[in-house]
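Try each task before you read its solution.

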Amino acid sequence: MTAAKAGGASPATAAGTAYLHSARKRCIDIAVSAVALVFAAPVMALAALAIRLDSRGHAIYRQRRVGRNGHPFAVYKLRTMVTGAEHIGAGLAIDEGDTRVTRVGALLRRTSIDELPNLINVLRGEMSLVGPRPTLQVQVDRYTDRQRRRLEVRPGLTGWAQVNGRASLPWPDRIELDIWYLEHATLRLDLKILALSARMAITGHGLYRGETGGWRE
């Protein structure tokens, strides 16, 4: 009888868990996010100025998300929609061509520049460079016991689900991809995800939810 059948963790699961909770992964998060913030600061400053010139409201958007072990935190992003967008029209859902997205916001979303402030969350320890994307409490409230496994680790700036369809995937499929990542996480896989994420930032593939994706603001 295998360890998995006996109720124990499989070798892949055990290795993935060890890596996800290792000091090495956290050290990489700190080092990379700190350096990246230095280089990203001018880009974020210019983007913030463009946002303020293009539409009314603060350039930085904060939203309450659920992090590791279910602890809430404020995720930081550059605002890409009109102020109060979550209370207008489709609410928390967003589709391609959504009129709530500003002109500058469309470009920021297309290039994923809007997510650069997430690096602050990574540096603070609320997020990791790679992991399941942080979700809203209303989504977490609907999780099954299996789906709640997403909360075992820090949410990520990018993740396995993001490079395999992003918001265009049905929500249950995205969660399954995140769980697969939890069971197979390695430094090599993280580097692969980061490389694929950089390519997606250029192509803009999978930005919007299609039929069953979710809010990305």
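**Exercise 1. Is Ser197 buried or exposed, and why does it get that label?**

Solution. Start with the cut-offs: buried means under 20% relative accessible area, exposed over 50%, and partly exposed in between (1.4 Å probe, protein chains only). The relative accessible area of Ser197 is 17%, so this residue is buried.

A word on the source: this is a predicted model, where local features need pLDDT of at least 70 and side-chain atom pairs count only at pLDDT 80 or more, while totals for chains, interfaces and linings use all residues. Residues are numbered from 1 along each chain as its sequence is written, and side-chain values use heavy atoms, with hydrogens and water left out.

**Exercise 2. Describe the protein chain as a whole.**

Solution. First count the elements: there are seven helices and four strands. Read from the N terminus, their order is α-α-β-β-α-α-β-α-β-α-α. Next, burial: of the 217 residues in the protein chain, 48% are buried. Finally, among contacts with a separation of 6 or more, 72% join residues 24 or more positions apart.

**Exercise 3. What volume does the largest cavity have, and which residues line it?**

Solution. On a 1 Å grid over the protein atoms alone, a cavity is a set of points where a 1.4 Å probe fits but cannot get out; lining residues have an atom within 4 Å of a point. Points are joined across faces, edges and corners, and a volume is the space filled by probe spheres set on them.

The structure has three cavities of 30 Å³ or more, and the largest comes to about 80 Å³. Its lining consists of Leu20, His21, Ser22, Lys25, Arg26, Asp29, Arg68, Ser128, Glu152, Val153 and Arg154. Helix H2 (residues 23-54) contributes the most to this lining, with three residues.

How values were computed:
Helix = DSSP H or I, 4+ residues; strand = E, 2+ residues; numbered from the N terminus. Contact = heavy atoms within 4.5 Å. 1 Å grid on protein atoms, 1.4 Å probe; cavity = no way out; pocket = protein on both sides within 12 Å on 5 of 7 lines; lining within 4 Å.
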